[in-house]
Amino acid sequence: MREADFMRRCMKRATDAGGRLFRNNVGNGWVGRMSRNRDGSITISDPRPLHAGLAVGSGDLIGWMPVEITPEMVGQTVAIFTSVEVKGARGRASQGQIVWADVVSRAGGISGIAKTDTDLDNILCKHADHLPDVDSKKE
């Protein structure tokens, strides 16, 4: 399965469990006044750098998962920050991505690196025991 297809499955799976994950593209580019040239190229006047995404190493998918608070907090449900780095079967996380996932987890968030549906369920199930069975959702 292509990484992009798996990423969409991850997003749907989080939604099925009551959470929400969004695509987080991290990168750099340039913005300014754009002029299209006759040869098809583009010229940017008054350029300035644009840094997109949450942070270097942040997960491909970020969002939240709902968690019910303990009875002494009157059964409120809160959203827990969630970050999932999606990799293809042969993909490897960078050191920055590993550090990001660790920092999020240590701060009380839900975070991890997913290559399979099982990896994703293990990440999301750290706080949510109500995920639908993977086999019942085969596509």
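Before anything else, a definition: patches are made of residues with over 30% relative accessible area and no salt bridge, where like charges are joined within 9 Å and nonpolar side chains (Val, Leu, Ile, Met, Phe, Trp, Tyr) within 5 Å. Keep that one in your head for a few minutes.

Okay, what are we looking at? This is a predicted model, where local features need pLDDT of at least 70 and side-chain atom pairs count only at pLDDT 80 or more, while totals for chains, interfaces and linings use all residues. Residues are numbered from 1 along each chain as its sequence is written, and side-chain values use heavy atoms, with hydrogens and water left out.

The overview, then. The chain has three helices and six strands; helices (H or I, at least four residues) and strands (E, at least two) are DSSP runs, numbered from the N terminus. Reading from the N terminus, the order is α-β-β-β-β-β-α-β-α. Of the 139 residues in the chain, 32% are buried. Buried here is under 20% relative accessible area, exposed is over 50%, and partly exposed sits in between (1.4 Å probe, protein chains only). The accessible surface of the chain is about 9000 Å², and 53% of that belongs to carbon and sulfur atoms. Those areas come from the Shrake-Rupley method with a 1.4 Å probe, and for residues only the protein chains shown count as cover. As for contacts (heavy atoms within 4.5 Å), take those between residues at least 6 apart in sequence: 54% of them join residues at least 24 apart.

Now back to that patch. W30, M34, I42 and I44 make a nonpolar one on the surface, with about 430 Å² of accessible area together. Strand 2 (27-36) and strand 3 each put in at least two of its residues. Take I42, which is in strand 3: I42 counts as partly exposed because its relative accessible area is 44%.

Staying in strand 3, which covers residues 42-52, we get to D46. D46 isn't a glycine, yet it has a positive phi of about 50°. So is D46 buried or exposed? It's exposed, because its relative accessible area is 54%. D46 also makes a salt bridge with R33, with the closest N and O atoms 3.1 Å apart. That pair links distant parts of the chain, D46 in strand 3 and R33 in strand 2, 13 residues apart.

For the record, a salt bridge here is a side-chain nitrogen of Lys or Arg within 4 Å of a carboxyl oxygen of Asp or Glu. Side chains of opposite charge can pair when their charged atoms come close. How many salt bridges does the structure hold? Nine.

One of them joins R13 and D121, with the closest N and O atoms 2.8 Å apart. R13 is in helix 1 and D121 in helix 3, 108 residues apart, so to speak a link between distant parts of the chain. Both R13 and D121 are buried. Then there's K87 with E85, at 3.4 Å between the closest N and O atoms, and K87 and E85 are both buried too. Salt bridges that share partners also tie R2, D5 and R8 into one network.

On to helix 3. Its buried residues are D117, L120, D121, I123 and L124. They sit on the same side of helix 3 because they cover an arc of only 160° around the axis, the arc being that of the directions from the helix axis to the C-beta atoms. What do they pack against? Helix 1 (3-16), strand 4 (61-68), strand 5 (77-86) and strand 6 (110-114).

D117 belongs to helix 3, which spans residues 117-124. D117 counts as buried because its relative accessible area is 16%. The side chains of D117 and R9 are joined by a polar contact of 2.3 Å. By polar contact I mean a pair of N or O atoms within 3.5 Å; within protein, one must be able to donate a hydrogen and the other to accept it, and residues adjacent in sequence count only if both atoms are side-chain atoms.

Last stop, E68 in strand 4. E68 counts as exposed because its relative accessibility is 60%. Leaving out residues up to four places away in sequence, E68 touches G75, Q76 and T77.
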